[in-house]
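Open the structure in your viewer and keep the selection tool ready. The tour goes stop by stop.

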Amino acid sequence: MNIPFLDNWLHRHETGQGAALAAALADDPEGVAEMFAECEMLRVQARAAGLELDGTPASLEALDQLMPRWRRDPEAAPWLGNDAGFYLGTVVVRTVPGAHWQVWPNGQPVIVLASGRELNVVESGVSWAMTGSPELSQAYAEASEG
């Protein structure tokens, strides 16, 4: 995963990307969460379809209804899926009590629910962008159940 925000961390701490992201998240969880919420490629695609992403579960349902024109571009789909996963995680963190971002040792950002269950939202987002499954709204519904 390429996250430009981490370049400074990598240069200052001479550590792997996973450790750098974990350190950034520990030092500034709100800043990292805002960075994850940017999802620029997804927002551009949504905006082109007349959808504004407002950080609500309803926006996930609306994304599920978009025509998946990006699947025609095999290079764009994984990047869009990465954004979709970050957006899914953003909605979960903002609306599910006790949910928060965490970083696995390999650098993969995940959501941890209050129950302790971990969700690899980026993996879900990539799968959604490539195949349409799982639907983002369904992944959210499962997360909101704990």
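**Stop one: where two helices meet**

Select P57, L60, E61, L63 and D64 in α5, then L136, S137 and Y140 in α8; these two sets of residues are in contact. By type, the residues of this contact divide into five nonpolar, one polar and two charged. Keep in mind that this is a predicted model.

Now look along both helices. Two packed helices are described by the angle between their axes and the distance between the axes. For α5 and α8 the angle is about 150°, and the axes are 7 Å apart.

**Stop two: the buried side of α8**

Select residues 136–144, which make up α8. Which residues of α8 are buried? Colour L136, S137, A139, Y140 and A143. Their arc around the axis is only 160°, so they lie on the same side of α8.

Next, show what these buried residues pack against. The partners are α5 (57–64), α6 (76–95), β3 (118–119) and α7 (121–131).

Then step off the end of the helix. Just after α8 comes G146, with a positive phi of about 100°.

**Stop three: Q45**

Move to helix α4, residues 40–48, and pick Q45. Is Q45 buried or partly exposed? Its relative accessible area is 33%, so Q45 counts as partly exposed.

Show its contacts, leaving aside neighbours within four places in sequence: Q45 touches W70 and L80. Finish on the pair Q45 and W70. They are 25 residues apart along the chain, and their C-alpha atoms are separated by 8.5 Å.

Conventions. Residues numbered from 1 in each chain as written. Predicted model: local features only at pLDDT ≥ 70, side-chain atom pairs only at ≥ 80, totals over all residues. Heavy atoms only, no water. Buried < 20%, exposed > 50% of the residue type's maximum accessible area, 1.4 Å probe, protein only. Helix = DSSP H or I, 4+ residues; strand = E, 2+ residues; numbered from the N terminus. Arc of directions from axis to C-beta. Contact = heavy atoms within 4.5 Å. Axes fitted to C-alpha atoms, helices over the stretch in contact; angles between N-to-C directions. Nonpolar A, V, L, I, M, F, W, Y, C, P; charged D, E, K, R; others polar.
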